[in-house]
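Student: I am new to this structure, and I would like to learn how to read it. Could you take me through a few features, with the general idea before each case?

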Amino acid sequence: MRESNLRHMIRDVKEGRLGRREFVARMAALGIAAPMAGTLLMHAGVATAQSSSFQYKPTKRGGGGVLKMLFWQAPTLLNPHFAAGTKDQEACRLFYEPLAGWDAEGNLRAILASEIPSNENGGVSKDGLSVIWKLKSNVTWHDGRRFSADDCVFTWRYCSDPATTAVNITTFQGVKVEKVDDLTIRVSFARPTPFWADAFVGARGVILPKHIFEPYIGAPARDAGANGKPVGTGPYKFTSFKPGDFLSAAINPNYHAPNRPHFDSVEIKGGGDAVSAARAVLQAAEYDFAPNLQVEDEILRKLEEGGKGRAEFIESGNIEFIAIQHADPFTDVDGERSHPNTRHPILSDKAVRDALNLLVDRGAIEKYIYGRAGLATANFINNPKRFRSQKTKWEFNLAAANKVLDAAGWTRGADGVRTKGGRKLQLTLQTSINAPRQKAQAVVKQAFQKAGIALDLKQIAASVFFSTDPGNGDTYQHFYSDLEMIQATVNGPDPALLTSQFCSWAMASKSNRWQGRNITRWKSEAYDRAFDAAQQEIDPVKRAELFIRMNELVVEDVAVIPVVYRPSTAGVRADLRAPLSGWDNNLWLISDWYREV
C-alpha cells in the first residue's frame, strides 16, 4: 500500500467515513497485524477502541472461590521495577497496576486512568512533546490511603534514579512528570515522542505508593520491606509469600472497578517444569491456569484430548533466539567478566557468526519441537507484521557453513575440531532447564559437530538463570558463556522496548548491577543512530521503516540468531474465562477473570 493511500484511510476513520473494524480488516489483508493497525490510528488521534472479544459476566464482587495458578518458573520477588523476568512481572500484577494496559488486539485499556489520552480529548499534544493523564478518583491503596498524582510523580522519580537500578529505567529516564492537580499528571518529553504510551503503561509502567517507598528511593531501594510484601491498588491484597515456592492473595473488597474481582483469593504455586504444569491444568484440572508452557506441541495436543483444559496461543512478538556473546566471558576486568570493553576471542570473527547462523536448523526445531508454539524465523522483530522485514531469510546449509569456515582459515584438526591461530573452535551454549530448549540444544550441537565446531551444552535451573541476584554469575544477564538460548518477551505492540536491547548504552554490566538489557554487548553506531531517530519520528510509516532497518542490521551482522517466533502459550482450565494478551502480562486484567458456571 502506498503511504498516501494509508493516510487517506486513516483520515476516513478519523472523520467517520470508514469504520474502525473495517480499517483493521483491510490492514490484516495487507499483512498488518491488528495491534499495529490500532497503533496507527492512535498516533493519528483516533480514539482507542475497547476490546469487544471478551465480556465480563459476574454481577457481584467475589463468590468465585480460589483461583489456583501453577508457575513452573516461580516468582522470586514482588517489586515490579526489579522484575527482570516475566514470572515476577506476572506475580506483581495481582497487586500493582499501571494507568493503562494492552489488550489482545493491541488497544489501550484504561486501568487507573479515567480515560485514554488522545488528540481528540486534548490529552496528547499535536507536537508530540507531552501527554496528559487523568486519574480515577475512587482508587485507594490496600492500606486505605488515597491514590493520587503524587504516586505517579514519585514512581517516575524512583525508577529514573540510577541508584535505584530499576529494570525499566529507560522508560522513565527520558521523560519529565509533573502534577497538574491531585488527579492529573503531565508527562513531557525532551523531543517529539511518537510512542508516548510507555511510561505508566503495561508491565513496565505499574505505579508504587509514595508513602511506602519514598524512604527507599535510590541506593536503599533493595532494602524496602515492601519488595516482598506489596501494597498496591490491584484487585488482590497480599497475604503470604515464599520466594520460589508459593504466593497467596485475598480479594480487595475496595477495588475500584465494579463487581470485580470474581475470585475470593488467588494462589500461585511455583516449581516443577513446563510439562508437569501443562498436565496439571490440561489433563488433571488441578489448577486453573499455567503460563509460559514451553512444551512440545505434540504433548499439548494429547493433554487437551480429555477436554478438561485448553492450550491458548496468544499473538505476540515473543522471539526465541540464540544470543551471541560479543564480549570476552573468560577474561576478568576489574572483577567483571564479559566486560563491555572486551571482545570475544572467537565470535568477534564475523565468518564464525555467519557459519553458526547457517547451522541452526530452524525448520526442524519448529516441526519437531514447537509446532503451534514456535514458527521458524530469520527476524528478531516479527510482530506486529508492519515491522517485519521482507528482505531477511533463514537457511540451514551445512555445506555452505563449512565453506565459510574454510575460507576464513579455520582448519580441521586430527580430532575433527577446527582451529585457527592455535585456538580451537570450541563453544558453550547455555540455557535454562526446559525440555524444548534441551532438544533444541541437541539439534544445534549435532549440526555444529558436522561443521567441525565443538559445542558444550550447559543447563541452568530456571530459578537461577532468571534470577535478579547481581551476585549470581549464572543469570542470563551476566551471560558468562559464548552462546545463550533465551526468549525475549514483548510487552506492547511497539518495538521500541524490544529493540532497545541492542543499544550500546544499554549493555549489562557491573555498574548497573547487570540490569542493562543489552546482554550480548553488541554495538553498532548505525544501529544506535537508527534507534535514536525512531524515538523522535512522529510519522508512523517512516518510523516503521527505521525499525525494519534496525532488525536488518542485527540479522546481517549476526548479533543474535533468531530461531522461532513464539506466540505466548498458556494452559487454561475449561471453565475459566480469562482475557489474555500477548502485548502485556498474562495477568494484566486479572480483575476480569471468572469461572463459567
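Student: Which elements do the buried residues of α10 pack against?

Tutor: Before the answer, some ground rules: this is a predicted model, in which local features need pLDDT of at least 70 and side-chain atom pairs count only at pLDDT 80 or more, while totals for chains, interfaces and linings use all residues. Residues are numbered from 1 along each chain as its sequence is written, and side-chain values use heavy atoms, with hydrogens and water left out.

Tutor: As a general idea, an α-helix has 3.6 residues a turn, so residues three or four places apart point the same way. Helices (H or I, at least four residues) and strands (E, at least two) are DSSP runs, numbered from the N terminus. Buried means under 20% relative accessible area, exposed over 50%, and partly exposed in between, with a 1.4 Å probe and protein chains only. In helix α10 (residues 350-358), the buried residues are A351, V352, R353, A355, L356 and L358. They pack against β12 (319-324), α12 (398-407), β17 (426-432), α13 (435-450), β19 (483-488) and β20 (560-565), where contact means heavy atoms within 4.5 Å.

Student: Is T155 buried or exposed, and which residues does T155 touch?

Tutor: T155, found in helix α5 (residues 149-160), is buried, with a relative accessible area of 0%. Leaving aside residues up to four places away in sequence, T155 touches H81, F172, F200, V206, I207 and L208.

Student: Does T165 count as buried or exposed?

Tutor: T165 lies in the loop between α5 and α6 and is buried, with a relative accessible area of 11%. Although T165 is not a glycine, its phi is positive, at about 55 degrees.
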